[in-house]
Amino acid sequence: MSNLISLTMKRLVFFTFVSAMIILSSGCNRRVPGSGRVEMKNSIDSASYALGFREANHFKQQIAPLAFEGIDHKEMAKLFSDLAVKKAFSERLSSIFDGFNEEIFRTAFINELAYEFSYFDDITAEIYLQQLINKLNSDKENKSREMAKKGIYPDNESGKAFLEENAKRPEVSVTNSGLQFEIIRDGDGPIPQASDRIKCHYHGTLVNGKVFDSSVERGEPIVFGVRQVIAGWTEALQMMPVGSKWRLYVPSYLAYGENGAGDRIGPNETLIFEVELLEIVK
């Protein structure tokens, strides 16, 4: 009898162990929260997915040189499932792409990090995002030219009055689009093309002097594509030699328009930037 009980107990322990392993295994294979297929209904959804994929790729490149073996990307991806995207990051992308879908961005990030699954690859993501930026900026530039021809300035009253008076100053130049600029220091380097990436410092204020963004205050210059910013910047950068420092007076229709950008830039705001062009990034 004791032998039978011992055998039964051994079998019970064995099956309990196997059951536990099956449960643990099924837990390990469970889908990472936040991952899954996505239906992209418009250009904002597609851009958000491409951006999420690109961000995950960048993240993987950052952790690849670490000195540790066996980094589990699935476990790491779980950490991002419930994290919110930084507000400033979301607002910046929304201003560039006329909208941003945080949920799709997060799903794309987790899909790529956990499973290396994406609707894009490196080349198609870059091509899609660049073509979309080009189209959005072209549409804004065409609209701004038409407005300038008709003498329409949709900026709020303080911005409109400021631009009208500022344009009378002899040191201020006005382009056909309505962009105003003042040369603080003229550089002698090359002039960026639309396809270039540049490094610069900037300090942005409203017409009342309130600072809304400043790489100068952060103490770190920023790198971006010439066509990955507001239309007023895209136009100015293609006139500025490297080494220059200009002050830009940007009507709202060459900036963030009637939507504004977050809490700091309201609808139809005229913006002022001091921009120092440091280099063209190769």
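Strand β3 (residues 197–206) is largely enclosed by the rest of the structure, because seven of its 10 residues are buried, buried being under 20% relative accessible area, exposed over 50% and partly exposed in between, with a 1.4 Å probe and protein chains only. Strands here are DSSP runs of E with at least two residues, helices are runs of H or I with at least four, and both are numbered from the N terminus. This is a predicted model, so local features need pLDDT of at least 70 and side-chain atom pairs count only at pLDDT 80 or more, while totals for chains, interfaces and linings use all residues. Residues are numbered from 1 along each chain as its sequence is written, and side-chain values use heavy atoms, with hydrogens and water left out.

As for partners, β3 pairs with strand β7 (residues 271–281) in the antiparallel sense over 10 bridges; strands pair if DSSP finds at least two bridges between them. Along that pairing, Ile198 sits opposite Ile280 of β7. An antiparallel pairing also links β3 to strand β5 (residues 222–225), this time over four bridges, with Lys199 facing Val223 in β5. Then there is strand β4 (residues 211–214), which runs antiparallel to β3 and is joined to it by three bridges. Thr205 has Val211 in β4 as its bridge partner. The two strands β3 and β4 make a hairpin with four residues between them, and Gly209 in the turn has a positive phi of about 90°.

Over to the helices. The axes of α2 (residues 43–63) and α5 (residues 102–115) come within 7 Å and cross at roughly 40°, where axes are lines fitted to C-alpha atoms over the stretch in contact and angles run from 0 to 180 degrees between N-to-C directions. That makes α2 oblique to α5, given that under 35 degrees counts as roughly parallel, over 145 as roughly antiparallel, 65 to 115 as roughly perpendicular and the rest as oblique. Contact here means heavy atoms within 4.5 Å; on the α2 side the residues include Leu51, Phe53 and Phe59, and they meet a set in α5 that includes Ile104, Phe105 and Phe109. The residues of this contact split into 10 nonpolar, four polar and four charged, with Ala, Val, Leu, Ile, Met, Phe, Trp, Tyr, Cys and Pro taken as nonpolar, Asp, Glu, Lys and Arg as charged, and the others, Gly among them, as polar.

Asp98, in the loop between α4 (87–97) and α5, has a positive phi of about 60° although it is not a glycine, and at 43% relative accessibility Asp98 counts as partly exposed. Glu116 lies in the loop between α5 and α6 (122–150); Glu116 is not a glycine either, yet has a positive phi of about 55°, and its 59% relative accessibility makes Glu116 exposed.
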